[in-house]
Amino acid sequence: GAAEVLSGLLPAWHHSGEQADYGGASPSHAELYFINLAGVIQTQFAVPFFEVYDPRFLDYAVPVAVRGTISFSITDYKEFIKLHRLIDFDLNTFQKQIKDGVIKYVKGVVANIPEENNIPVIQLERKILQINEVVEQYLKPRLAKDFGVSLSAMDIATIEIDKSSQGYRELKAVTQDITTQTVQAQAAVNITQMEEMQQVQMENLAESQRIQREEMQRAQKLQTESSNLAAHQINQQTAVGIAGAQAFGEMGAAGG
């Protein structure tokens with residue numbers, strides 16, 4: 001029960017030298033009870049509309065609002081008491097202090113995210129998970145240092161862009177024009193690459209056909225030469241046969 005918790009905690013604050021750490025006064029029973037039993041505390045926050053700039057188009061200020069919840073706990077009790085002294089400690093006041101700090105930090109991170117994390121302003125709503133991670137990493141060490149609490153979870157529920165604002169409409173128009181130009185330029189590049197590829201393919205086909213023709217011509221020439229050689233050999237053999245027959249005839253006539 002609470003009495004047992006308090007009886008276990010109170011002696012610790014009165015050990016030698018420790019009482020001086022807290023300004024010469026020990027925390028009240030209620031404060032100790034809060035510190036020991038608070039567990040995880042959730043606090044909602046809302047950052048009102050503030051101006052965010054795309055680093056590529058600094059002429060257009062886009063209003064952005066952020067809402068969410070943080071969860072924190074007290075893990076280092078001694079450090080927590082050193083920071084807050086727990087004199088006239090009030091949970092509502094403490095939570096307001098944390099909320100004010102969170103609003104300041106979230107506003108600063110989101111305002112710089114387009115430049116530092118290469119996220120276009122008009123895509124902030126779609127990048128909420130990535131932004132949540134960046135904010136949490138930034139927030140955790142600062143809450144520990146400034147308030148002595150450990151950030152358990154950071155949950156950005158919404159990132160809202162004022163799409164009715166002049167800055168948003170102008171930025172949207174400019175980025176759409178650039179997107180259109182980019183798409184057109186990419187299409188032109190693709191067409192050029194396709195034409196070049198087709199040209200290369202035609203050249204390769206023509207070269208293949210030329211090689212095939214030359215090979216066919218060589219094969220035909222070789223076949224013709226072989227045929228001519230065979231005919232020549234037959235003619236030679238015939239001529240030899242005729243000459244031999246004539247010689248044999250002449251020998252027979254002489255012998256008669």
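Trainee: Over how many bridges do β1 and strand β2 pair?

Mentor: Keep in mind that this is a predicted model, in which local features need pLDDT of at least 70 and side-chain atom pairs count only at pLDDT 80 or more, while totals for chains, interfaces and linings use all residues. Residues are numbered from 1 along each chain as its sequence is written, and side-chain values use heavy atoms, with hydrogens and water left out. Strands (E, at least two residues) and helices (H or I, at least four) are DSSP runs numbered from the N terminus, and two strands pair if DSSP finds at least two bridges between them. Strand β2 covers residues 57–73, and β1 pairs with β2 in the antiparallel sense, the number of bridges being 12.

Trainee: What is the order of the strands in the open sheet?

Mentor: The sheet is open, has 3 strands and shows antiparallel pairing, in the order β1-β2-β3. Its edge strands, each pairing on one side only, are β1 (41–54) and β3 (150–161). From one strand to the next the twist averages 25°. To return to what you asked, the order is β1-β2-β3.

Trainee: What angle does the direction of helix α6 make with that of β3?

Mentor: Angles here run from 0 to 180 degrees between N-to-C directions, with axes fitted as lines to C-alpha atoms, for helices over the stretch in contact, and contact means heavy atoms within 4.5 Å. Helix α5 (residues 91–116) packs on the sheet, touching β1, β2 and β3, and its direction makes about 30° with that of β1. Helix α6 (residues 128–147) also packs on the sheet, where it touches β2 and β3, and the angle between its direction and that of β3 is about 140°.

Trainee: Is Gln-137 buried or exposed?

Mentor: Gln-137 lies in helix α6. Buried means under 20% relative accessible area, exposed over 50%, and partly exposed in between, with a 1.4 Å probe and protein chains only. Because the relative accessible area of Gln-137 is 55%, this residue is exposed.

Trainee: Which element of the protein has the lowest mean pLDDT?

Mentor: pLDDT is the predictor's confidence in each residue, from 0 to 100, and the protein averages 77, with 67% of the residues scoring at least 70. Where pLDDT is low, the predicted coordinates should not be read in detail. Among the elements, β3 has the highest mean, 95, while the lowest, 39, belongs to residues 2–13, which form helix α1.
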